[in-house]
Number of protein chains: 2
Amino acid sequence: MAPITITPIDDDKVSDLTAQGIEHALSKTKPHNGVATSGELDASLLTTSLTTSPRPVPAIGSAEMASQKICTDHMIQAKWTEEEGWAAPSLQPYGPLSLMPTSSCLHYATQCFEGMKLYRGHDGKLRLFRPELNCKRMLMSTTRIALPAFPPAELLKLIVKLCATDGEKWLPKDRAGAFLYIRPAMIGTDFALGVQRPREALLLVMLTCFAPMDDIPGGAKLLASQDDMCRAWPGGFGYAKVGANYGPSLVAQGEAREKGFHQILWLFGEDCTITEAGASNFFVVWRTKEGKVQIVTADLDEKIVLDGVTRRSVLELLRTRLASSSPAVEGLEPVEVVERKFTMFEIEEAYREGRFIEAFAAGTAWFIAPVGHIQFRGNDLAIPMGDDGEGGKYTTVVKRWLKNIMWGQDEGVGNEWGFIVEEA
Amino acid sequence: MAPITITPIDDDKVSDLTAQGIEHALSKTKPHNGVATSGELDASLLTTSLTTSPRPVPAIGSAEMASQKICTDHMIQAKWTEEEGWAAPSLQPYGPLSLMPTSSCLHYATQCFEGMKLYRGHDGKLRLFRPELNCKRMLMSTTRIALPAFPPAELLKLIVKLCATDGEKWLPKDRAGAFLYIRPAMIGTDFALGVQRPREALLLVMLTCFAPMDDIPGGAKLLASQDDMCRAWPGGFGYAKVGANYGPSLVAQGEAREKGFHQILWLFGEDCTITEAGASNFFVVWRTKEGKVQIVTADLDEKIVLDGVTRRSVLELLRTRLASSSPAVEGLEPVEVVERKFTMFEIEEAYREGRFIEAFAAGTAWFIAPVGHIQFRGNDLAIPMGDDGEGGKYTTVVKRWLKNIMWGQDEGVGNEWGFIVEEA
């Protein structure tokens, strides 16, 4: 081989690549100290333009409400460019986006989102549930998908402003116990067609009407994923709320629905490790061989599972209220709360041995959805749904606690899980 | 456990799920027999609306040409809905799309695309390169990402119509040897926010001005991916041209570019299997321990590598023209052409032992790009770039063959690799 002259390459930063690189990028994005840096996302610069064509609010239980297509009157937008950083955000009438056909988000999935809810409390107040966790996770997701960083606290202020603007009309005080779904999203709008980090992006926040999804008669039916289809992988992006985790799951989900299942129970690897149920975290309650009640969910170590806010809250509530030797709820045994790798084979074994107690999916959209059925390699497991058929007793207690926090009847753990949105 | 009554679930089709399900879906989408089925994509129904504001064509070598932001005057659009199937496609002025902020493609990456080129031949004719392969792959990609099927031959007719309309102006006869980049794409436009198979979609075809990317002084510099970041995995979607493969690669690509590399060389697994270079296939030329010249690229068995049209054409050309005992080109040895799993450690070993000959990336955008440098775990490999520094001799021959086919001076293997677009 002839010797070749090559340009020297600075390699002292190679370890910044990838996962470490992301953590590095995140560490540089500290919320600023109250002083608006040029080009930083700054909620105090918000401009407001109210709609002149307000739309009617769908009735509770209507087909429109269930369509998931109705947004409230307004939305938040903020534009970012590599040169200028973040422009002043705007609160403006809800309506279609104008995007160039070659926009990065339409070809290269430079997109991520969050899912949150706005709750109308039984005390008449509007609340968010631990919204700072979603805003921080949004930053993690934008970073993973090569979209710009922002101070999470500024995103939260924008979300609160939209909720305060549209909450009174779209979630009126006579709808105590109801909610709107909040969808923050960021998309790459750069329309240079080459595959590269977008130099332009758009932050969006919408409020959508959703019907509750947690009361499925008989419980959710899950179909365990086939060996030839896998949702996420170590070194991939299963832990981030990026669009790229969802579209590729829809073929399996669609076929499952055609067969009468609600969601895929996503397994990973030859040992059929449990990861997620649909786009929710998955919890199992069983009795250990030693006779203890144990609640298990997948750990986050391999980064193939979403660090769900509902997941985290369930764990914290269980550890605080049921893990002691005298649980806070009469009739329940003390539980051991475990985050670890666990497999479909362990579930089958516990089921066979009569140790399986109950199971539920946990996430913002599905909330706490009791699971009534799992099919794995043709084998059907009928999961107990409690005496009233609405969910096992641990599931029901966790759900009640969360509901009470979301709608203002319980403070949660360590206070301030319910974040009050002051109305104008 | 109390016995639970569950709805019986039809499980005779469980094996249709996932990869088999996709092949099943594909098998149902045979091109129709000349009779337009209701709701089928049908190029003969095309409506045409020409622009009244034609734009100037960028000069060869201009910054505009390199910006990858300039499309030609027109585009193709076709709308699909679950109820109505495909509406009549339209050829219309190029311009922005109007999309609802909750559109599926913006949140769940329900999107896929193709990359092709339109070539202005040295004989004055316009040509596509094996376009039927891209149209078939597009169908495979739409199926994988839960978007609607279509007859690939109809997509090809629409592409040809757009090329025939804009080719004369945007790729004039005095630009022999130049090309336009063709971007067919499909996006999910359903704006119901739930995670589900889109019930509305949009097919698009655009023509974009691109500068050639294959003549990098010193050759392409590749940074082998870190162990903690992985592009694709078995059971995933690395073989499909879906947006979800691209966005998640941009963090690594961006950091590589900051360090002076052009692309990531994507490795897979603990044994550092070679998969792709950037978004191109990757070929290595080395001498085996037995002394034979061998050209190797990753096989497609695990479905983690794109079945590239350029890849396939390179393999077919090499097998036809260089694999015999008396190769078609003077000065070249007979080569053994191999598709198999091979690893970064084998590359290092061949390099250490003086058996490494050359390497190149192959794809539509990058064409045949000689590789001049690979860095793996801090170890730099300077790859021979030939006597003139423009690429090794096998790389150069393959590139010349393909150029000659694309621009009308060689028929290729088995004829008709160059598909002539008749101009009006």
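Good morning. Residues are numbered from 1 along each chain as its sequence is written, and chains are lettered from A and ligands numbered from 1 in the order in which they are written. Because the model is predicted, local features need pLDDT of at least 70 and side-chain atom pairs count only at pLDDT 80 or more, while totals for chains, interfaces and linings use all residues; side-chain values use heavy atoms, with hydrogens and water left out.

Let us start with chain A as a whole. Chain A contains nine helices and 20 strands; here helices (H or I, at least four residues) and strands (E, at least two) are DSSP runs, numbered from the N terminus. Chain A has a radius of gyration of 23 Å, close to the 22 Å from the globule rule for 424 residues, so chain A is as compact as a globular protein of that length. That radius is taken over C-alpha atoms, and the rule is 2.2 Å times the number of residues to the power 0.38. Along the principal axes, the C-alpha atoms of chain A fill a box of roughly 75 × 65 × 45 Å.

How much of chain A is buried? Of its 424 residues, 61% are buried, where buried means under 20% relative accessible area, exposed over 50%, and partly exposed in between (1.4 Å probe, protein chains only). Among the contacts in chain A with a separation of 6 or more, 72% join residues 24 or more positions apart; a contact means heavy atoms within 4.5 Å.

We turn now to the two copies. The same surface serves both copies, as 97% of the contact residues of chain A recur in chain B.

Finally, some local detail. Helix α6 of chain A (residues 250-258) has seven of its nine residues buried, so it is largely enclosed by the rest of the structure. Among the buried ones are Leu250(A), Gln253(A) and Ala256(A). After α6(A) comes Gly260(A), with a positive phi near 100 degrees. Gln263(A) lies in strand β12 (residues 263-268) of chain A and is buried, at a relative accessible area of 8%. The residues that Gln263(A) touches, leaving aside those up to four places away in sequence, include Gln253(A), Arg257(A) and Trp366(A).
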